[in-house]
Amino acid sequence: MDGMYDTAAIVLAAGLSRRMGAVNKLLIEINGIPMIRATVSACAEFCDAPVTVVTGHQAHEIKEALDGLDVRFVHNPDFASGQAGSVVAGLMAAPEARATLVVLGDQPLLDCAALERLLEAHRAGDQTRITIPVNGADRGNPLVIPLALKPSLMADKANPGCRRFTLDHPEMVNRVEFTDPAYFIDLDTPDDVRSLQKAVAPKG
């Protein structure tokens with residue numbers, strides 16, 4: 001395993017943002033920065049491997065928003081079919097690392113410190129399992145995928161990706177309790193965006 005990366009990240013940025021209307025939610029600015037750039041920047045700061053960004057809808061605009069960052073792009077031509085295909089595209093393209101984070105592009109509160117806490121929790125548990133942040137019954141993101149399990153997530157051609165595997169194999173999951181909203185807030189609707197912008201607006 002000499003020369004292998006310690007930590008990689010796959011950021012899913014391919015979705016259609018259907019519930020956001022005509023706007024691509026990943027390009028919405030939070031505190032003056034496109035949301036996708038803030039998420040990818042946090043991952044790039046944290047990981048020793050280049051960040052893998054999975055594109056689909058408005059791929060050109062996503063790439064422009066990430067100009068200058070140390071990222072590798074992989075395009076999912078079947079992005080309209082859902083998230084599972086983008087996860088697989090990312091897993092296939094990401095460099096080998098002991099741990100790989102699967103990150104949603106619309107996690108506006110996710111920062112380097114939150115990523116560090118999640119990885120610390122993964123390393124404190126059984127590192128052969130997938131680590132998932134939870135808050136009671138709520139399941140959050142990112143997920144931490146150990147290298148040995150990457151092939152298993154691509155083996156089921158009918159239901160590839162993380163969700164089906166983790167539901168079918170609970171014995172392969174570390175569920176770690178967190179209360180930090182960084183792991184549980186993503187933006188799907190205009191109301192979600194307005195609420196977040198109001199919450200993070202400078203006071204005064």
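**Exercises: loops and a hairpin**

Asn 31 sits in the loop that links β2 (29-30) to β3 (33-34); strands (E, at least two residues) and helices (H or I, at least four) are DSSP runs, numbered from the N terminus. We're working with a predicted model, where local features need pLDDT of at least 70, side-chain atom pairs count only at pLDDT 80 or more, and totals for chains, interfaces and linings use all residues. Residues are numbered from 1 along each chain as its sequence is written, and side-chain values use heavy atoms, leaving out hydrogens and water.

**Exercise 1.** Find out whether Asn 31 is buried or exposed.

*Solution.* Start with the cut-offs: buried is under 20% relative accessible area, exposed is over 50%, and partly exposed is in between (1.4 Å probe, protein chains only). Asn 31 has 57% relative accessibility, so it counts as exposed. Now check its backbone: phi is near 55°, a positive value in a residue other than glycine.

**Exercise 2.** Work out which strands pair with β7 (residues 130-135).

*Solution.* Pairing takes at least two DSSP bridges between two strands. First, β7 runs parallel to β10 (residues 173-177), with 5 bridges joining them; here Thr 131 stands opposite Asn 174. Next, 2 bridges pair β7 with β8 (residues 138-139) in the antiparallel sense, and Asn 135 has Asp 138 as its bridge partner. Finally, look at the turn: β7 and β8 make a hairpin with 2 residues between them, and Gly 136 there has a positive phi of about 65°.
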